[in-house]
Amino acid sequence: GAFYMFFASKEELYMQILEQLENEIQMRILAFALHPDEAAQENIYQLLRSMVHTMEEFTILKHFSRADLDYLVRKLPTERVMQHADNDQLFMQDFIRKIRQEGITVSASPEIVGSLVKGLFFLSLHRDDYEKPEYDEMMNVLMYLVAGYIAGANHGQRH
């Protein structure tokens, strides 16, 4: 019974744990040292790579699936889910600010950058659907392409 003095549900506790891990990952990302002597795309690629590898360090996230995310979204109050989404937006602003402070021009909108980064996260939730070498190569290619887009390498080149 004492559990419910602190958390409204077990899903709320799980969300709190996930958000603490997410905060740790975000702090690591914002502390990541970019190298001004490298090309912008390479810098952002290394930053994204660090983010994905950091996420994969946490055992709880290794076993977190798309079904788990869908379950949480269904079980948590809408306001709680929206608060989390708002926090993600704030992080994306900090993420873009960090890149710009390093002298890298970001011409993509914060919404698109956020969606691309979330896309990498959501893909990581499906890592068990692929053989490890295939998944690793696919993530490397996608991170490189996302980094190029964020750095402005591919804007306006749609086919």
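Throughout these legends a residue is called buried when its relative accessible area is under 20%, exposed when that area is over 50%, and partly exposed in between, with a 1.4 Å probe and protein chains only. The model is a predicted one, in which local features need pLDDT of at least 70 and side-chain atom pairs count only at pLDDT 80 or more, while totals for chains, interfaces and linings use all residues. Residues are numbered from 1 along each chain as its sequence is written, and side-chain values use heavy atoms, with hydrogens and water left out.

**View 1**
Along the principal axes, the C-alpha atoms of the protein chain fill a box of roughly 55 × 35 × 30 Å. Of the 159 residues in the chain, 35% are buried. With contact taken as heavy atoms within 4.5 Å, residues 24 or more positions apart account for 72% of the contacts in the protein chain that have a separation of 6 or more. By the Shrake-Rupley method with a 1.4 Å probe, where for residues only the protein chains shown count as cover, the chain exposes about 9,600 Å², of which carbon and sulfur atoms supply 55%.

**View 2. The largest nonpolar core, a set of 38 residues.**
A nonpolar core is a set of buried Ala, Val, Leu, Ile, Met, Phe, Trp, Tyr and Cys residues joined through side-chain atoms within 4.5 Å. In the largest one, the members that touch the most other members are Leu48, Phe95, Ile99, Val113 and Ile150. At least two residues of this core are supplied by each of α2 (10-31), α3 (40-57), α5 (66-75), α6 (78-101), α7 (110-124) and α8 (132-150), and the largest share, 7 residues, comes from α3. Once its neighbours within four places in sequence are left aside, Ile150 is in contact with Ile44, Phe95, Ile99, Thr105, Val106, Ser107, Ala108 and Val113.

**View 3. Helix α8, its buried residues and its partly exposed Leu145.**
The 19 residues of α8 reach 26 Å from first C-alpha to last, close to the 27 Å expected at 1.5 Å a residue, where the expected span is 1.5 Å times one less than the number of residues. Tyr135, Met139, Met143, Val146, Ala147, Gly148 and Ile150 are buried in this helix, and what covers the buried residues of α8 includes α3, α6 and α7. Leu145 also has its place in α8, but at 45% relative accessibility Leu145 counts as partly exposed. Together with Val141 and Leu142, Leu145 makes a nonpolar surface patch of about 220 Å²; patches are made of residues with over 30% relative accessible area and no salt bridge, like charges being joined within 9 Å and nonpolar side chains (Val, Leu, Ile, Met, Phe, Trp, Tyr) within 5 Å. Just after α8, Gly152 takes a positive phi of about 90°.

**View 4. Salt bridges, of which the whole structure holds 7.**
A salt bridge is a side-chain nitrogen of Lys or Arg within 4 Å of a carboxyl oxygen of Asp or Glu. Arg28 and Glu57 form one in which the closest N and O atoms are 2.8 Å apart; Arg28 lies in helix α2 and Glu57 in helix α3, so the pair ties together parts that are 29 residues apart in sequence. Both partners are partly exposed, Arg28 at 31% relative accessibility and Glu57 at 48%. Glu11 and Lys10 form another, with closest N and O atoms 3.6 Å apart, and here Glu11 is buried at 9% relative accessibility, whereas Lys10 is exposed at 56%. The side chains of Asp94 and Arg97 meet at 3.1 Å, N to O, and these two residues both lie in helix α6, 3 residues apart, about one turn of the helix. Asp94 is partly exposed at 33% relative accessibility, as is Arg97 at 40%. Salt bridges that share partners also join Glu12, Glu19 and Arg80 into one network.

**View 5. Phe7, in the loop between α1 (3-6) and α2.**
With neighbours within four places in sequence left aside, Phe7 is in contact with Glu12, Leu13 and Gln16. Phe7 and Ile60 are 53 residues apart in sequence and 19 Å apart in space, C-alpha to C-alpha.

Notes: Helices (H or I, at least four residues) and strands (E, at least two) are DSSP runs, numbered from the N terminus.
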